[in-house]
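Here are my notes on this model, point by point. Please read them with the coordinates open.

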Amino acid sequence: MQLEAVVLVAYLTVASIITYLLLNRLLWRGERDWVFIGVGYMILALILQYPAQQAPFIVLLLSHLRSITDLSSIIPSVVKPNVYLISIYMGSLAGIFQEAARYFAVKDRAMEASLYVGYGFALIDIAVAVMGSLATLIIPNNLNITITTLGVISLVGLLLQPLVSFLFHPGASMMLRSMQANGHGLRGLIVVTTAHAYMDSFLEYLDLAIAFGVITSYGDVLKLSLVYFISITIIPVLIFSYGLRALRKLTFTSNAP
């Protein structure tokens with residue numbers, strides 16, 4: 001287990017460094033200190049997001065303080081019938097808080113700053129992924145799905161995490177900044193928030209549905225995981241491509257004589 005944790009941290013760290021070097025060589029033309037703006041805004045978003053996400057569960061806990069020993073049965077009875085609603089709630093809040101933070105992080109800044117800001121957002125996203133993955137290594141599970149299946153799904157998710165984070169966050173930042181420059185900032189905010197909410201809600205559903213036994217079939221898990229992995233790869237690629245094209249066009253126009 002300790003070896004798995006070391007490999008996990010090493011992989012995500014190396015992926016972050018390689019991404020930095022590639023962006024630095026191929027795309028970046030500006031002040032690298034802008035990365036810290038993204039880091040700061042992302043941390044602020046998470047500070048606000050997590051309490052809001054956990055608020056319903058805290059209320060549930062407080063309402064059953066006298067029967068705290070019954071929580072092991074109360075929580076599944078609440079989560080299982082409402083797994084879709086809870087997933088959408090959790091994912092939507094992630095999208096709303098993080099994309100609102102991104103909106104203000106790139107607002108009125110130089111066009112090229114958005115790529116750096118997005119990289120800062122992605123760094124914190126990777127850090128959160130590391131902590132979450134380490135927690136899954138430590139916490140045992142009692143699922144009715146084979147460890148082999150869970151291992152393969154976790155491995156694929158781990159391999160995709162840097163690709164998703166370092167495409168989506170810089171891409172969403174560039175898209176949002178370019179649409180702000182064109183007077184469509186609110187529309188851009190809706191687009192990136194919807195995309196973010198979809199990806200996080202889907203992941204939340206997979207986690208909850210497997211953990212609480214809503215999905216127990218080997219085949220269903222593989223099918224849903226396949227749809228999830230394909231969609232969370234396509235969406236960041238499209239957003240990054242759009243954002244980069246739009247940013248380059250605006251930068252070229254602003255620098256034209």
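1. Terms first. Buried means under 20% relative accessible area, exposed means over 50%, and partly exposed lies in between (1.4 Å probe, protein chains only). This is a predicted model, where local features need pLDDT of at least 70, side-chain atom pairs count only at pLDDT 80 or more, and totals for chains, interfaces and linings use all residues. Residues are numbered from 1 along each chain as its sequence is written, and side-chain values use heavy atoms, with hydrogens and water left out.

2. Overall fold. The chain has eight helices and zero strands. Helices (H or I, at least four residues) and strands (E, at least two) are DSSP runs, numbered from the N terminus. Along the sequence the pattern reads α-α-α-α-α-α-α-α. Of the 257 residues in the chain, 41% are buried. Take the contacts (heavy atoms within 4.5 Å) with a separation of 6 or more: residues 24 or more positions apart account for 85% of them.

3. Helix packing. Two packed helices are described by the angle between their axes and the distance between the axes. Helix 4 (residues 83–106) packs on helix 7 (residues 185–211) at about 140°, with the axes 7 Å apart. Axes are lines fitted to C-alpha atoms, for helices over the stretch in contact, and angles run from 0 to 180 degrees between N-to-C directions. The crossing of helix 4 and helix 7 is right-handed. A crossing is right-handed if the near helix is turned clockwise from the far one by less than a right angle, and left-handed if anticlockwise. By class, this contact of helix 4 with helix 7 has 16 nonpolar, nine polar and three charged residues. Here Ala, Val, Leu, Ile, Met, Phe, Trp, Tyr, Cys and Pro count as nonpolar, Asp, Glu, Lys and Arg as charged, and the others, Gly among them, as polar.

4. Nonpolar cores. A nonpolar core is a set of buried Ala, Val, Leu, Ile, Met, Phe, Trp, Tyr and Cys residues joined through side-chain atoms within 4.5 Å. The largest one has 35 residues. Those with the most contacts inside it are Trp28, Val35, Val117, Tyr119, Phe121, Met174 and Phe240. Helix 1 (2–26), helix 2 (34–63), helix 4, helix 5 (113–138), helix 6 (147–181) and helix 8 (218–255) each give two or more residues to this core. Helix 5 has the largest share, ten residues. A second, separate core holds 16 residues, including Ala172, Met179, Met199 and Ile235.

5. Val117. What does Val117 touch, leaving out residues up to four places away in sequence? The list is Trp34, Ile37, Gly38, Ala105, Val106 and Ser173.

6. Aromatic pairs. The structure holds eight. Rings of Phe, Tyr and Trp (its six-membered ring) pair if their centres lie within 6.5 Å; planes under 30 degrees apart count as stacked, over 60 as edge-to-face and the rest as tilted. Tyr20 and Tyr119 form a tilted pair, with ring centres 5.8 Å apart and planes at 55°. This pair links helix 1 to helix 5 across 99 residues. Tyr20 is partly exposed at 28% relative accessibility, whereas Tyr119 is buried at 4%. Trp34 and Tyr116 are edge-to-face, with centres 5.3 Å apart and planes at 70°. Trp34 lies in helix 2 and Tyr116 in helix 5, 82 residues apart. Trp34 is buried at 17%, and Tyr116 is buried at 0%. Ring pairs also link Tyr198, Phe202, Tyr228 and Phe229 into a cluster.

7. Is His169 buried or exposed? His169, in helix 6, is buried, with a relative accessible area of 2%. Beyond four places in sequence, its contacts include Met42, Gln98, Arg102, Asp125 and His196. Met42 sits in helix 2 and is buried at 1%. Met42 touches Gln98, Phe121, Ile124, Asp125 and His169, again not counting residues up to four places away.

8. Asp108. Most residues other than glycine have a negative phi. Asp108 has a positive phi, near 65°. Asp108 is in the loop between helix 4 and helix 5, and is exposed at 66% relative accessible area.
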